[in-house]
Structure formats: C-alpha cells, structure tokens
Amino acid sequence: MPTFRLNDPLVQNVLAGVIIGLGPGIYLAITALGAGGGPANATQIVNLANSVLYAVWFVVGWFSGSFITVFGPRATFLIGSLGYPIYVGSLWYFTNTGHQWFPIAAGAFLGFCANLLWTAGAYISFSYSTEGNRGSFISVQWGFLSLFASLGSIVAFGLNFNASILRVPTAVYIVFILVMVSALFVALFFIVEPSKVRRQDGTPLAHYPHHGIWQELKNQRRLLQDSRLLVMFIPMIASEVAVIVLSSLNSLYFNIRTRSVNSLMFNIFQVIGAVFIGFMLDNSRISSRRARGLISVAVVATISIAGWIGLTVWLYHNPMDLLDPPLFDWTDGPFGGFFVLNLIFGMNMVIYQVTVQWIISSFTNDPDTLARLAGLVKGVLAGGVAAAFGTEAAGLPQKHVVAYTFTVQAVGLVLMAAVTWKCVTPTNYLKEENVIPPKGMQNVEKQVEGAERDSGLPTTNCP
C-alpha cells in the first residue's frame, strides 16, 4: 500500500489544487455572482477592472514559465497568492464607496500575481504527471478550484437567501479575504522543490540543469516558433470566455439570491466536468493517446455547441434594456431555461480548457519546456478573457457578445481536433534526455506504437 509522502507527485498536485481553490476558487465564486457581488449597476466597472486584470495577465504569461524554472514553484505560488485577497478587498471598497481607482489598480496587481499562481499550478500538473494520468492531474486542480468556488457560493447563498439589498453583505467579503490569505501558508510550508519529488517507484521526475535568465528568454523565444502552438492560440484564447458571458448575464438578469444559486450550481457542475473530462482523457480502455484526445474533443464540441445555441435562443426570447435590468427571481419564468444553460456552461468552463491543456502538454515531458508552455497557455487564455471582458465593459448588446464567444470557441474546437489528429504522438518517453521515465517503461515505444496501430489511426505527420 502506498505510503503518504509530501514529495509524492500526486500529493504535490493536490496541494497545488488546494492553493488554487483557496485563491482563484473563491475569486470565481464572487465573479460568478456577477458585478463582483455588487449591485447590477456595478457590472461595467467590475468588467473594466477584470479587463485590466487579464490584460496584465496576458503580458506576464510570456515570461512566467521562465520565472518558475529560475525560482521554483514555492516562491511562484507565494507571490501569486498575494493578489487575490487584495482584489476582493478592492471590490468591497468599491461597493461601499463607489470609488473606481482601487479595483482597477488591484486588478492590474492581480493580473501579475494570478498568472504566476496559475503557471505554477499548471507546471505541477503537466510535469509531475505521467503520460497516462496527465488528464487526471489537470482535472484534480480544476476539481479543487470548483469545489472551493462551490463552498464560497454556498456561503454567499446562505447569507443572501433573504437579502433585501442588491449586493452581498460585508461578511461575505471578509470571509473570502481570510480564506484567500490561508493559501500563503499552504505554499510556504507544504510545496517542495521539483528536484526532491519522487514517484511511487522511487524515480525522480527529471534532471534539472540550471539556466540563466538570458538562456531562459532565448528558450521562450524558440517556443514561439513551434507551429503546433501557433495553431493552438485560438483554442487557448477561447478556453475561459464562457464564464464572463454567464457572470454578466447573471448580474444583469437576476436578483442577488438567484445570482447566488446560479453561481453555486455553475461551480458544482465544474466539479462534475472536471471528473468527467479527467476520466475521458486518461481512460485506460482506449490505449491510443491520440484516440482519447479525439474522442474528448468530440464530446467537448457536442456539449459546448449545444450550450451556445441554447443561449442564443434564450436571449432572443428574453431581450433586455441595460438601463432597466429585469432582476428576475427563481420564481419567474425565464429562470428555468437559464438555469439549464448555466449547468451546461459550468461544464464547458472546465472540459474545454482541460482538453486544450492536455493537448499542449502532450507535446513534451521535459519540465523546463512544460514550465514555459504552462505560462504561455495561461497568458494567452487571459488574453481571450480580457477581450471578452472588454466586449462586456464596452456595453455591447449581449447577443453580439455571445456571437463573438460562440465563434471563437467553435473555431477553437476545429483547431483542437486538427492538432490532436496530426500532432499527438504515441509517447515522448525515451526521446528527451532530461526526462527520467517511470520504471517499467523501457519498452514503452513498442507498446504504444502497437496500440496506435490497433486503433486504426494513421501515423502522426505534424509540421
């Protein structure tokens, strides 16, 4: 029976998930409430602050992978965790004073911090996993994110159930800030250095040669010459746009207690989506890695397109005046259709981007390269979110925003399928000198190539 070790890859991945849950998870709970938990007329300033947040995040993403290879995941998590409690505090300040400078400034600071935190998490899920359990490692972190977001939503729902005001009480902000601060302690005392991590068979993950900062920047530049990554830019941009659309619609169409229940169910279905897509990507009954990827993309496409079509129809039947939002209750007719769509997009939020990350992380097992990929993935994703928040902050009609997000996700799905078909190889083990394969993998190439032939798929031919 395996013994508990702090330096076990799975334990470190779970701890990374806890940090992500305590920070971004609670942030997601208050984002899903719409308007940062403030009244409906606060939606535009919150969307502006989030546009700044994700724009900074996008820029930092080009360098954060190199930050990890130089300073390690512990320091990266510590710095990354600082921004979340400050940002929630700024929303509390704005709700009570109406002054806009603090949430915008805090959004910029969180953009810097959040990219570091998410890059550290992605680095652990990418490089600490094996090729056979990578989907589950990525999904575990998203499961913790959604679990903590759900718990935060339950707290908000309980405090807002009989609320007569159109914003969340001060107690919600205080509880959320205290929870976010605790992520710092988890990072400080429980995250270990990658060189000390050992698999259950006793093998280390890789050799970790030291690179100076200039060498790191050169390596980052070479990464951008990879044609596979360039094709995956649109899927990365499309990964998280759904949550912005749903949070804005939630704040514009519903009262605070209905927003709370929508937020709760959105996050619960993220947990379900994380378990589901992790199983799909790592299903051992499908021996071909590429076949698992293609099946997963097809499932993601079915769920996502059904959701976007349904949302388009719902908006057509429920037009809205931004100057006079309807603020429906769950007892009103339009709630039922939106509730179902909310569940679908809760799953979309997770399954789309976990699949994108799985495809990109299948390109290599080298930890340093995966660190750079992690930063790039999170940075480009943030660029897509910034654009979506920008469309909301500009006050565009919701049907135009939905048309944009629907299109970018649909195009992304086509490109995901193409890259999976052409570029996901049977294995990368024994091909990279710094990577130490798990024991028993000496004949891995023959085994997986045989499984690829049995699947009936042609050999990869990636440019």
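Predicted model: local features only at pLDDT ≥ 70, side-chain atom pairs only at ≥ 80, totals over all residues.
How many cavities of 30 Å³ or more does the structure hold? There are six of them.

**The chain as a whole**

The chain has 463 residues, and 58% of them are buried. It contains 17 helices and zero strands. Among the contacts in the chain with a separation of 6 or more, 85% are between residues 24 or more positions apart.

**The largest cavity**

Rolling a probe the size of a water molecule over the atoms shows where empty space is left. The greatest share belongs to H1, which gives four residues. Sorted by class, the lining has 14 nonpolar residues, one polar residue and one charged residue.

Val 18 is in helix H1, and Val 52 is in helix H2, which covers residues 43-60. Are these valines buried or exposed? Val 18 counts as buried because its relative accessibility is 18%, which is under the cut-off of 20%. Val 52 has a relative accessibility of 26%, so it counts as partly exposed.

With residues up to four places away left out, Val 18 touches Phe 144, Phe 148 and Val 186. The C-alpha atom of Val 18 is 9.9 Å from that of Trp 142, a residue 124 positions away along the chain. For Val 52, with neighbours within four places set aside, the contacts are Ile 104 and Ala 108. Val 52 and Ala 386 are 334 residues apart along the chain, and their C-alpha atoms are separated by 7.2 Å.

**Helices H12 and H14**

Two packed helices are described by the angle between their axes and the distance between the axes. For helix H12 (residues 256-281) and helix H14 (residues 335-361), the angle is about 40° and the axes are 7 Å apart. The crossing of H12 with H14 is right-handed. Which classes of residue make up the contact of H12 with H14? It has 19 nonpolar and seven polar residues, and no charged ones.

**Two leucines with positive phi**

Leu 327 and Leu 430 each have a positive phi, although neither is a glycine. Leu 327 is in the loop between helix H13 (289-317) and H14. Leu 430 is in the loop between helix H16 (398-423) and helix H17 (444-455). The table gives the values for each residue.

| Residue | Phi | Relative accessible area |
|---|---|---|
| Leu 327 | about 55° | 24% |
| Leu 430 | about 70° | 48% |

With a relative accessible area of 24%, Leu 327 is partly exposed. Leu 430 is also partly exposed, with a relative accessible area of 48%.

Note on methods:
Residues numbered from 1 in each chain as written. Heavy atoms only, no water. Helix = DSSP H or I, 4+ residues; strand = E, 2+ residues; numbered from the N terminus. Buried < 20%, exposed > 50% of the residue type's maximum accessible area, 1.4 Å probe, protein only. Contact = heavy atoms within 4.5 Å. 1 Å grid on protein atoms, 1.4 Å probe; cavity = no way out; pocket = protein on both sides within 12 Å on 5 of 7 lines; lining within 4 Å. Points joined across faces, edges and corners; volume = space filled by probe spheres on them. Nonpolar A, V, L, I, M, F, W, Y, C, P; charged D, E, K, R; others polar. Axes fitted to C-alpha atoms, helices over the stretch in contact; angles between N-to-C directions. Left-handed = near helix turned anticlockwise from the far one by under 90°.
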